[in-house]
Amino acid sequence: MNKLRGKHLRTSQLVGKRSTKIVYKPDSQLRNPVRLFKEMGCDLLASRELAWQLMVRDISAQYRQSLLGICWAVIPPVITALGFTFANNTNIVNIGATDMPYPAYVMFSMTLWQTFTEALTSPIQAVTSAKQMLVKINFLREALILAKLGQLFFSFAIKLVLIVALFLWYQIPVSWTAILAPVALIHLVMLGTCFGLLLAPLGVLYNDILKVLTYATGFWLFLTPVVYPLPKGGELATLVQLNPVTPLLVSTRELTTTGILSNPFGFWLVSLIAILGLLLGWLVYRLAMPFVVERISS
């Protein structure tokens, strides 16, 4: 059967117990954006069952084959918090005053940062690990992304238990606006996911993408107020303010504790960018993946 380039409307595929059909045509899908976005929405809903099965399988495999199990979800932020707390207490580095005890500050902030980086790398990891399945089976590829997002929130729920314990231990007051913090957290995940979706097609073809992201996020961490409070002035303060992660991460932290947003304009601006960027990333992912699959199968 000849492989056709062009419009990917529908092809024969099995999703759970549902089967759908796909027809390839030479005209571009972008010529009819209303129909394109309608199909994207329908496919997203149709991929839920497969996404759930993939998520359960991956979570089970991840923790069943690990000696420490779910402890690995909290080990990275705990190690980071211990390291920077020791450096701060011994005056190796001068962190400055934070609005909560420093160990809890670093732990909470690192959990948010780790959630962002997982959202960033998850789409690339999802399509890379599913290469063989992509080549052999036609299925709704949105299921891969939904499954990874499910894993991300499962991991965050485990970390949340530790954060609640820290808040109780240090008797940190929680504002009533904490009920709005999940909104900022979701926007943070959307921002990371939009970057990940844009890079996912390249990540399947070139393993360098994920390696570069590992080093890039390591440097990016120090431009984000995770282990230090928001700087008041200087070149670092400018770089931190220009960092798109800063308003969302800081707002999530502030909604949980003080209830007062220090930069509401930045929060809503980056939130809008995250929402539009997610739609753009999803569109790029959807249009590019048929060509990527053809490339890796040839």
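Helix α4 (residues 102–129) and helix α8 (residues 208–221) have axes that come within 11 Å and cross at roughly 165°. That makes α4 roughly antiparallel to α8, a term for angles over 145 degrees. Welcome to this predicted model, in which local features need pLDDT of at least 70, side-chain atom pairs count only at pLDDT 80 or more, and totals for chains, interfaces and linings use all residues. Residues are numbered from 1 along each chain as its sequence is written, and side-chain values use heavy atoms, with hydrogens and water left out.

**The chain as a whole**
- The protein chain has eleven helices and four strands; these are DSSP runs numbered from the N terminus, with helices (H or I) of at least four residues and strands (E) of at least two.
- Of its 298 residues, 47% count as buried, meaning under 20% relative accessible area with a 1.4 Å probe, protein chains only.
- Among contacts (heavy atoms within 4.5 Å) between residues at least 6 apart in sequence, 72% join residues at least 24 apart.

**Helices α4 and α8**
- The crossing of α4 and α8 is right-handed, that is, the near helix is turned clockwise from the far one by less than a right angle.
- On the α4 side, the contact is made by M110, W113, F116, T117, L120, T121, I124 and Q125.
- On the α8 side, I209, L210, L213, T217, W220 and L221 take part.
- The residues of this contact divide into ten nonpolar, four polar and no charged.

**Helices α7 and α10**
- The axes of α7 (residues 181–205) and α10 (residues 245–256) come within 8 Å and cross at roughly 160°.
- That makes α7 roughly antiparallel to α10.
- The crossing of α7 and α10 is left-handed.
- From α7, A181, A184, L185, H187, L188 and L191 meet V245, L248, L249, S251, T252, L255 and T256 in α10.
- This contact divides into nine nonpolar, four polar and no charged residues.

**The largest nonpolar core**
- This core, a set of buried Ala, Val, Leu, Ile, Met, Phe, Trp, Tyr and Cys residues joined through side-chain atoms within 4.5 Å, has 67 residues.
- Those with the most contacts inside the core are W113, V127, L144, L191, V245 and Y285.
- Helices that each supply at least two residues of the core include α1 (33–46), α2 (48–64), α6 (142–169) and α11 (264–297).
- The largest share of the core, 14 residues, comes from α4.
- Not counting residues up to four places away in sequence, L144 touches L54, A126, V127, A130, M133, L134, F139 and Y285.

Conventions:
Axes are lines fitted to C-alpha atoms, for helices over the stretch in contact, and angles run from 0 to 180 degrees between N-to-C directions. Angles under 35 degrees count as roughly parallel, over 145 as roughly antiparallel, 65 to 115 as roughly perpendicular and the rest as oblique. Ala, Val, Leu, Ile, Met, Phe, Trp, Tyr, Cys and Pro count as nonpolar, Asp, Glu, Lys and Arg as charged, and the others, Gly among them, as polar. Buried means under 20% relative accessible area, exposed over 50%, partly exposed in between (1.4 Å probe, protein chains only).
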